[in-house]
Amino acid sequence: MNANLGNLDRVIRIILGLALIVAPLLNIPAVWSSAVLSYGSMAVGFILVITGLFRFCPLYRIFGISTCKL
């Protein structure tokens, strides 16, 4: 696994991922009152945080995208 995420991309993914994980738990806004939307949001948030921490996005690899300066 070669790194394909740059620093800005990582920070955005981690912040957005954490927001998607926490928002359904706090029910802010009330759009997450549905269990499907709540768990779906948390799953997407978890994936964003994991890809940000590991600096690797499988979709970027498939499409040949790299925001990493290395």
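Let's start with N27, which sits in the loop between α1 (residues 7-26) and α2. Helices here are DSSP runs of H or I with at least four residues, strands are runs of E with at least two, and both are numbered from the N terminus. Before going further, please note that this is a predicted model, where local features need pLDDT of at least 70, side-chain atom pairs count only at pLDDT 80 or more, and totals for chains, interfaces and linings use all residues. Residues are numbered from 1 along each chain as its sequence is written, and side-chain values use heavy atoms, with hydrogens and water left out.

**The whole chain**

The protein chain has three helices and zero strands, and its elements run α-α-α from the N terminus on. Along the principal axes, its C-alpha atoms fill a box of roughly 40 × 20 × 15 Å. Of the 70 residues in the chain, 29% are buried. Here, buried means under 20% relative accessible area, exposed means over 50%, and partly exposed lies in between (1.4 Å probe, protein chains only). A contact means heavy atoms within 4.5 Å. Among contacts between residues at least 6 apart in sequence, 72% join residues at least 24 apart.

**Two helices side by side**

How do α1 and α2 lie relative to each other? Their axes come within 7 Å and cross at roughly 155°. These axes are lines fitted to C-alpha atoms, for helices over the stretch in contact, and the angles run from 0 to 180 degrees between N-to-C directions. The two helices are therefore roughly antiparallel; that word is for angles over 145 degrees, while under 35 counts as roughly parallel, 65 to 115 as roughly perpendicular and the rest as oblique. Residues of α1 including R13, L16 and L20 meet residues of α2 including V44, L48 and T51. The residues of this contact divide into 13 nonpolar, six polar and two charged. In this grouping, Ala, Val, Leu, Ile, Met, Phe, Trp, Tyr, Cys and Pro count as nonpolar, Asp, Glu, Lys and Arg as charged, and the others, Gly among them, as polar.

T51 belongs to helix α2 (residues 35-54). Leaving aside neighbours within four places in sequence, T51 is in contact with L5, R13, F56 and P58. N27 and P58 are 31 residues apart along the chain, and their C-alpha atoms are separated by 30 Å.

R55 is found in the loop between α2 and α3 (58-63). R55 has a positive phi of about 60° although it is not a glycine. Most residues other than glycine have a negative phi.

How many disulfides does the structure hold? There are zero, a disulfide being a pair of cysteine sulfur atoms within 2.5 Å. For C57, the nearest cysteine sulfur is that of C68, 13 Å away. C68 is likewise in no disulfide.

Which of the residues we have met are buried, and which are partly exposed? The table shows each one.

| Residue | Relative accessibility | Class |
|---|---|---|
| C57 | 6% | buried |
| T51 | 9% | buried |
| C68 | 12% | buried |
| R55 | 23% | partly exposed |
| N27 | 36% | partly exposed |
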